[in-house]
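Take a first walk through this structure. Keep the sequence beside the 3D view and follow along.

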Amino acid sequence: MYLRIRVCIAILIFISLHNLYADTISNIFLNEVIVKDSFLDTKKKTTVQSMEIIAKNYIQKRFSGNIINSIEDVAGVHSMDIGSGFSKPVIRGMAFNRIAVVENNIKQEGQQWGADHGLEIDALNVENITIHKGPGALLYGSDAMGGVIEINEKVIPFEDIFFGEFFAAAKSVNESVGASLMIGLKKNNWYSQLRYTEHRFGDYKIPTDTIIYLTQKIPIYNGRLKNTAGKENNISWLLKYRKERTSLQLQISDVYQKTGFFPGAHGIPDLSRVEDDGDSRNIDYPYSFVNHLKAIINGKYSFDNVIFSADVSFQNNHREEISLFHSHYPGQTAPQKDPDKELEFRLNTYQSIMKGVILSGDNVRHTIGVDVQSQNNEIGGYSFLLPQYDRVTLGGFIIGEYKLSSTLNLQGGVRYDIGRIRAEGYDDKYLYEYLISQGYESSMADNYQTRSYDVDKSYKSLSGAVGISWIPFNNHSFKFNIGRSFRLPGVNELASNGVHHGTFRHEQGDPNIKQEEGWQFDFSYDYTGEYIGFSVSPFLNRYSNYIYLRPTGEWSVLPHAGQIYRYTGCKAMLVGGELTGYLKLPMNFRYELAADYVYTRNEDEKLPLAFSPQPALRQTLSFEKSGFNIYVQSHIIGVQKRIARNEDITKSASLWHGGVSYELPFKKYKAELILSARNIFNVRYYNHLSFYRKMEIPEPGRSFNLMLKIPFKAKI
Amino acid sequence: MKSIISKIKLVLSLLLIVFVSSCDDDNEIDVVKPVINLIEPENEDILLTGEEVHFEMELSDDIMLGSYKVEIHNNFNGHDHSNFNNHNLYILNQSNQITRSESERDPFAYNRSWDLSGKKNVHIHHHEIVIPKDAATGEYHLIVYCTDAAGNESYVVRHIVIDDAD
């Protein structure tokens with residue numbers, strides 16, 4: 001038995017070595033949990049890039065509403081909270097379009113450029129996650145320069161089986177309740193899985209009774225942030241066929257999220273708008289909803305020495321922001337249809353990836369691939385933020401993986417991308433008339449009325465990476481990587497011109513802005529002993545062009561706007577690292593540590609970059625015995641004094657979290673009951689990355705989370 | 001066991017290095033915002049049509065001030081500004097002269113900036129803002145923005161009411 005597992009692991013070592021990222025073929029072997037874990041560990045060791053693999057169990061245990069909150073315990077990962085229940089990922093200080101979230105090889109395409117837009121993924125429909133902290137440009141092209149969050153393919157049971165899982169969760173901080181039901185069926189060559197998830201949550205509680213925004217004292221009634229309630233409905237269906245050399249998979253998912261905006265932070269605060277409406281669960285104006293529909297087909301055929309795969313996908317991201325009709329310029333009247341629809345985006349993305357993996361002997365493997373993506377964004381609403389645009393990218397890549405010896409692996413590759421972005425100009429005639437009526441010159445009014453510039457730009461980029469992993473002794477592993485990556489400018493960075501309704505700044509794009517490009521270096525050392533283990537992973541990223549929003553010192557003439565902020569390229573540096581460790585203590589106790597730090601610098605201005613994460617240190621003491629687990633965590637968040645212009649210093653905080661979980665026998669299955677508490681001492685603290693930070697709205701207060709998971713199965 | 005302890009020490013000292021290095025500062029760079037002490041008008045002040053606004057404030061910056069801007073716009077019906085149509089606004093140009101007026105009462109809007117370069121502390125006191133005689137009465141926002149020479153910006157919002165003298 002032992003030998004069989006070892007052989008299996010050995011095979012997996014080989015396979016994983018040839019798997020830069022997830023590959024379906026490897027999962028064929030994953031019929032035993034023990035093997036799977038070893039496989040993941042091995043994959044982590046031999047892959048040349050720094051990566052963290054997070055198991056489903058962990059994600060569910062830390063579940064607190066969304067996928068990013070579940071993984072933010074990982075050193076180097078932070079969550080940028082949108083308020084309400086939604087978040088977006090930050091890896092090593094990089095966020096927005098600089099992080100790719102990938103499911104079934106396909107990059108999630110929503111409105112990730114927006115600071116107030118979350119990530120439309122059902123956290124409970126995720127089994128394992130791999131976090132790549134370095135650049136992922138080689139496989140995923142533009143947008144993956146800061147890192148990749150890869151949602152791994154679902155593990156399929158080996159035997160014919162009917163199985164499922166019921167999951168229920170409740171959370172006190174926003175009185176959320178949620179449930180998720182999954183059923184799966186594996187019969188011969190077919191496998192199908194269906195999941196439905198629903199969450200509903202009320203206004204969330206913050207540990208304060210007043211906030212100060214724009215020098216106005218804004219009362220917070222009953223300690224609740226008004227109108228931050230929301231709901232989420234997700235459905236996902238997977239169908240898979242696998243026979244001998246063929247594997248085919250179809251996954252269709254739909255995620256719908258609706259959430260209110262705190263009215264005191266949407267525009268200039270007006271005390272009448274933050275008054276308690278007596279209902280903490282209603283979603284009043286203003287609010288937003290987003291629906292993300294995604295269909296992905298993955299096909300794979302294995303010849304003797306060549307594995308051919310094709311991934312084809314369609315995504316539709318439909319977001320609307322609804323706010324009672326208002327205009328800063330007279331003359332504009334509410335539209336007949338949908339009078340309160342402020343903004344609408346309909347983003348359609350088609351992406352297809354073709355790959356051929358050529359195996360030459362046991363130790364050499366080459367991957368050649370082509371990646372095509374086409375995007376189209378349609379807009380609506382009485383207000384304007386982002387133009388109508390289309391974007392096409394085409395990339396070709398070749399990756400070589402060489403096992404030089406039993407202890408040394410080498411990987412390298414190059415990729416060439418071309419891209420074209422076309423944005424449609426947009427003029428606001430009401431604004432023009434307003435400015436003329438205010439006595440401005442017509443040339444000036446003309447400049448301001450252009451809310452979006454006409455853009456038609458082409459880009460090309462050569463990127464590449466090379467890395468080694470070296471395992472000189474059993475418990476020690478070293479990794480070193482050098483990569484060059486790029487990112488095409490976002491449409492907001494190219495075309496926008498006007499007051500952003502969320503940030504209340506006049507933000508101006510630059511149609512001639514250059515793409516982002518930079519070099520990235522990272523190193524890691526891992527020691528995994530029986531009683532003690534740690535890893536150190538420093539990194540250095542240097543960008544010859546990094547796009548940021550620069551305050552120009554020029555006053556905007558628009559109402560509600562101060563100075564103009566213009567997207568500008570600069571030389572930038574991000575340097576930092578993560579430190580993690582564990583210590584097995586006597587009597588089933590275990591101590592874990594995770595710390596991270598990022599130093600950012602705009603080399604042109606000799607200033608830090610905006611949204612630099614606060615350093616974090618998490619120490620966890622846990623006890624586990626026969627299905628019973630208890631942990632207590634100290635979470636220290638450092639001060640962020642290194643701020644960009646017009647950011648505020650964010651103070652340090654010391655938080656405590658804890659939890660208990662118990663596997664209770666339920667008929668012949670093991671149900672799991674998890675009770676956890678976040679921010680036990682109800683500390684009032686701020687997150688430098690939060691959308692609500694600049695409004696001085698603190699992070700959520702104490703929360704008790706209760707979760708119940710009941711798995712079931714029946715042989716057929 | 002000793003080796004474990006030494007390893008822990010190593011881990012902790014590395015940790016210390018990471019955190020100590022976080023104390024580095026770009027001291028030479030100015031990220032401190034200017035300070036606005038707006039004395040007049042105060043919150044909920046009533047400004048009268050046809051009269052000058054008594055405007056008084058103190059501005060200061062640790063390095064050098066840049067400029068300031070005063071912006072006034074209406075806040076009719078809270079956040080719902082939909083009640084007006086076919087407006088002929090007061091033309092209040094940069095030199096503060098009313099160039100056109102209509103019998104219908106229209107909302108008042110104001111946007112003007114003043115240069116402060118070369119100064120570190122200033123006391124501003126003027127009556128340059130004039131509310132037109134037949135400005136639409138009601139709630140308005142008055143916002144004072146101030147930048148320093150480096151582009152750091154701060155602002156203050158006042159909820160004001162414009163009303164007729166009688």
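This is a predicted model: local features need pLDDT of at least 70, side-chain atom pairs count only at pLDDT 80 or more; totals for chains, interfaces and linings use all residues.

Chain A averages a pLDDT of 87, and 92% of its residues score at least 70. One stretch stands apart from that average. Over residues 1-37 of chain A, pLDDT stays under 50. The model has 55 contacts beyond four places in sequence for this stretch.

Now look at chain A as a whole. Its secondary structure comprises 10 helices and 35 strands. Among contacts in chain A with a separation of 6 or more, 66% come from residues 24 or more positions apart.

Next, the interior. In soluble globular proteins, nonpolar side chains tend to be buried together. The largest nonpolar core here has 54 residues. Which residues have the most contacts inside that core? They are I71(A) and I131(A). Beyond its neighbours within four places in sequence, I71(A) is in contact with I54(A), I59(A), V77(A), I129(A) and I131(A). A second, separate core has 24 residues. Its members include L38(B), V70(B), F108(B) and Y110(B).

Turn to the strands of chain A. An open sheet of 5 strands runs in the order β1-β6-β7-β4-β5, with mixed pairing. Its edge strands are β1 (51-54) and β5 (106-107), each of which pairs on one side only. At one end of that order, β4 (residues 99-103) and β5(A) pair in the antiparallel sense over 2 bridges. E103(A) has I106(A) in β5(A) as its bridge partner.

Strand β19 (residues 389-403) and strand β20 (residues 408-423) run antiparallel, joined by 15 bridges. A hairpin of 4 residues links β19(A) to β20(A). To find your place in this pair, look for I399(A), which stands opposite G413(A) in β20(A). β20(A) also pairs with strand β23 (residues 455-473) of chain A, in the antiparallel sense and over 16 bridges. Here Q411(A) stands opposite G467(A) in β23(A).

Now a helix. In α8 (residues 429-437) of chain A, L431(A), Y434(A), L435(A) and S437(A) are buried. Why do they line one face of the helix? Seen down the axis of α8(A), the buried residues fall within an arc of 160°, so they share one face. Their cover includes α9 (442-449) of chain A. After α8(A) comes G439(A), whose phi is positive, near 90°.

Move to chain B for one residue. E139(B) lies in strand β7 (residues 138-148) of chain B. Is E139(B) buried or partly exposed? It counts as partly exposed, because it has 15 C-beta neighbours inside 10 Å. F76(B) is 63 residues away from E139(B) along the chain, yet their C-alpha atoms are separated by 5.9 Å. Leaving out residues up to four places away in sequence, E139(B) touches N75(B), F76(B), H159(B) and V161(B).

Last, the backbone. Most residues other than glycine have a negative phi, and most peptide bonds are trans. Some places here depart from that pattern. A cis peptide bond joins Y285(A) and P286(A), with omega about -10°. P286(A) lies in the loop between α7 (271-274) and β15 (287-302) of chain A. In chain B, the peptide bond from E40(B) to P41(B) is cis, with omega near 0°. P41(B) sits in the loop between β1 (35-40) and β2 (46-48) of chain B.

Two residues other than glycine have a positive phi. For F96(A), phi is about 55°. F96(A) is in the loop between β3 (87-91) and β4 of chain A, and is buried, with 20 other C-beta atoms within 10 Å. For N646(A), phi is near 70°. N646(A) belongs to the loop between β32 (628-637) and β33 (653-666) of chain A. With 20 C-beta neighbours inside 10 Å, N646(A) counts as buried.

Key: Residues are numbered from 1 along each chain as its sequence is written. Chains are lettered from A and ligands numbered from 1 in the order in which they are written. A residue is buried if 20 or more other C-beta atoms lie within 10 Å of its own, exposed if 12 or fewer, and partly exposed in between; C-beta atoms are placed from the backbone. The arc is that of the directions from the helix axis to the C-beta atoms. Two residues are in contact if their C-beta atoms, placed from the backbone, lie within 7 Å. A nonpolar core is a set of buried Ala, Val, Leu, Ile, Met, Phe, Trp, Tyr and Cys residues joined through C-beta atoms within 7 Å. pLDDT is the predictor's confidence in each residue, from 0 to 100. Two strands pair if DSSP finds at least two bridges between them.
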